[in-house]
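Reader: Please take me through this structure and say what stands behind each label.

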Amino acid sequence: ADFYSVYPSGDYTVSGEKIQNLKIGYSQDVYLAEDGVTLKNMSDCLMHAVVEDVAVGTTVNLTYNPIATAIMLHLNVSPLSTVGFTIQSIKLTAPTGTNIAGDFHVNLDDGTFAEWVTGSSSNSITLQISNSATGGFYQMRQGSSIIVPIFLVPVDGLNISGWTIDIITDQGTFKKKLTSIDVDKTALKAG
């Protein structure tokens, strides 16, 4: 028999050679401990495993490979800053027509992106960062840093030219345009 698996489990269907209706959220949540360590919510961290030709009575060992792309954001507050920040949200936006979130299908045999579900894609993702102990917005002190993931649909060939990040805090909104010196080395792909 052949075994296929998607992590995390969900309401996916298999039709022909495709796993249908996988989803990367337009709005994602990350929960951090006081020290900035990510504790939970990896629901958009999609992975795929396949083991073919397994004999009856044999143990099935699944090895997962990433379906999603992850951009790891490293946020710092200068030790020279006179204030800390409460991060309310982060918004990652790709150029118009470059979709990075929504419902999509992947190829059953290798877990690669196949196509979008019509009318369900977006060029932006909003990340909510919460303190896992309090459930409230995450507060960064002077001199502190965190690393948080934003998961994207793994459409091969995307590059970071023309993308923007908005970090919304209690001290205002900070905008950054992402640039790339060598697009070939920064192309986004699964993993």
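**Labels and their grounds**

Author: Strand β8 gives the largest share of the lining of the largest pocket, three residues. The model is a predicted one, in which local features need pLDDT of at least 70 and side-chain atom pairs count only at pLDDT 80 or more, while totals for chains, interfaces and linings use all residues. Residues are numbered from 1 along each chain as its sequence is written, and side-chain values use heavy atoms, with hydrogens and water left out.

Reader: How does the lining divide into nonpolar, polar and charged residues?

Author: There are seven nonpolar, five polar and no charged residues. Ala, Val, Leu, Ile, Met, Phe, Trp, Tyr, Cys and Pro count as nonpolar, Asp, Glu, Lys and Arg as charged, and the others, Gly among them, as polar.

Reader: Why is L75 called buried?

Author: Buried means under 20% relative accessible area, exposed over 50%, and partly exposed in between (1.4 Å probe, protein chains only). L75 has 11%, so L75 is buried. L75 sits in strand β8. Of the 191 residues in the protein chain, 38% are buried.

Reader: How do you know that K18 and E115 form a salt bridge?

Author: A salt bridge needs a side-chain nitrogen of Lys or Arg within 4 Å of a carboxyl oxygen of Asp or Glu. For K18 and E115 the N to O distance is 3.0 Å, so the pair meets that definition. K18 belongs to strand β3 (residues 18–24) and E115 to strand β11 (residues 113–122), so the pair ties together parts 97 residues apart in sequence. K18 is partly exposed at 25%, and E115 is partly exposed at 33%.

Reader: Which salt bridge partner does K23 have?

Author: K23 pairs with D103, and their closest N and O atoms are 3.5 Å apart. K23 lies in strand β3 and D103 in strand β10 (residues 101–107), so this pair ties together parts 80 residues apart in sequence. A search of the whole structure finds three salt bridges.

Reader: Is D166, the partner of K175, buried or exposed?

Author: D166 is buried, with 11% relative accessible area, whereas K175 is exposed, with 66%. Their closest N and O atoms are 2.8 Å apart.

Reader: What makes F3, Y7, M42, L62 and Y64 a nonpolar surface patch?

Author: Patch residues have over 30% relative accessible area and no salt bridge; nonpolar side chains (Val, Leu, Ile, Met, Phe, Trp, Tyr) are joined within 5 Å, and like charges within 9 Å. Y7, for one, has 37% and is partly exposed. The patch covers about 410 Å², with areas from the Shrake-Rupley method and a 1.4 Å probe.

Methods:
Helices (H or I, at least four residues) and strands (E, at least two) are DSSP runs, numbered from the N terminus.
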